[in-house]
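Let's take a friendly walk through a protein model together. Keep the structure in view as you read.

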Amino acid sequence: MSAPATPRRVIIDTDPGLDDAVAILYAVACGRFEVLGLTTVAGNIGIEASTSNSLRLLAAMARSDVPVRRGAAQPLRRGGAELTSIHGDDGMGGLTLPPPQAQAQGEAVGWLVEQLQSAPAGSVDILALGPLTNIALLVRDHPDAAARMGRLIVMGGAVDEPGNIGARSEYNFATDPEAAQMVLGAGLDLTVIPLDVTRRVRVLPGQIASLRGSRAGDLCAEIIALYFGTGRESRPLHDPCVMLFAVEPGLFGLDTLSLAVDVSEGPEAGALVRYPDGPPIKVAMRVDGPGAIEALRHGLNAAQRSSC
Ligand code: BDR
Ligand code: CA
């Protein structure tokens, strides 16, 4: 039997959010990551709820040792737009979670700088699940620290796929287009995970029960049931694809594309556009959807298996 891979050291930048919650549960449960902390950003829900949801999810997993740092309360230049129609008024679809067992201390960007400067260069990956405001502030104000990050894996954008907030625009990039453009042009080891693949990683109602089997799996099944809302036949697991790509890149097919972000004031602000002069960016364009769901189920229940 081959030795288990050394866990990857990661920081999760997030706006929970139901699919963010699934991604966080997977990350803390699967044994493939050393989660150094969560940085929060306003997106699906405002910064207070985003931060509180992060703390409460960690409490539910008995992982309040993982620090949470409060990040940007609004995009760089624009007003934000909460997505309560999908994630509920609390960002978590009304899910009952325990109260926080810790507090969010300090602020996100300064903490990111400390983490990146105190770790060996290239040894910490950032998994970005929300609008890219915090990461853009890091890149803009602390380029030397930003250059020390390992991989940056970002859920956002749509290439050949229609958008989910505009005809061509995806929610995370549309919420803070200037941040997305800054991050895409920063010369980092970046992989973008757009709707072109996340829409193909779908849970069907009949699969929800099969995710159960551990604290993380049971909670995840509850969250996905809420994420279905009423009348939907399946739901895409956008943010968990970032975690799955980090540990199972073979599930995905990458292209290198020259892209830019629409930073106009028009209705497609935030849309990704093919732009020959744009920076070459690794973009996941293909995925083994059923394989990804199986990897998710396996990772959520990893702790349970190892205690058998
Ligand atoms: C992205 O938007 C948010 O609603 C989800 O959490 C995900 O990060 C999908 O477009
Ligand atoms: Ca998100």
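## Around ligand 1

In this predicted model, a polar side-chain atom of N172 lies 3.0 Å from an oxygen atom of ligand 1. That pair is a polar contact, a term for two N or O atoms within 3.5 Å; within protein, one must be able to donate a hydrogen and the other to accept it, and residues adjacent in sequence count only if both atoms are side-chain atoms. The side chain of E170 also takes part, with an N or O atom 2.4 Å from an oxygen atom of ligand 1. L129 uses its backbone instead: one of its backbone N or O atoms is 2.9 Å from a ligand 1 oxygen.

How much of ligand 1 does the protein cover? Of the 290 Å² of accessible area that ligand 1 has on its own, the protein covers 97% (areas come from the Shrake-Rupley method with a 1.4 Å probe). Helices α1 (18-29) and α7 (171-175) are the elements that give two or more residues to this shell. Helices here are DSSP runs of H or I with at least four residues, strands are runs of E with at least two, and both are numbered from the N terminus.

The shell holds 13 residues, with D19, N44, N164, E170 and D239 the closest; a residue counts if one of its heavy atoms lies within 4 Å. By type, the shell has four nonpolar, five polar and four charged residues.

## The calcium site

Ligand 2 is a calcium ion, and its protein donors are D15 (OD), D20 (OD), D20 (OD), L129 (O) and D239 (OD), at 2.3 to 2.6 Å. Donors are N, O and S atoms within 2.8 Å of the metal, or 3.2 Å for Na, K and Ca; water is not among the atoms, so sites may look incomplete. D20 belongs to helix α1 and D239 to the loop between β8 (235-236) and α11 (240-247), so this pair ties together parts that are 219 residues apart in sequence.

Are D20 and D239 buried or exposed? D20 is buried, with a relative accessible area of 0%, and D239 is buried too, at 1%. Buried means under 20%, exposed over 50%, and partly exposed in between, using a 1.4 Å probe and protein chains only.

## Two backbone details

The peptide bond from P16 to G17 is cis, with omega near -5°. G17 sits in the loop between β1 (8-14) and α1.

A62, in the loop between α2 (47-60) and β3 (68-69), has a positive phi near 55°, although this residue is not glycine. A62 is exposed, with a relative accessible area of 53%.

## Reading the model

Residues are numbered from 1 along each chain as its sequence is written, while chains are lettered from A and ligands numbered from 1 in the order in which they are written. Local features need pLDDT of at least 70 and side-chain atom pairs count only at pLDDT 80 or more, whereas totals for chains, interfaces and linings use all residues; side-chain values use heavy atoms, leaving out hydrogens and water.

Terms used: Nonpolar A, V, L, I, M, F, W, Y, C, P; charged D, E, K, R; others polar.
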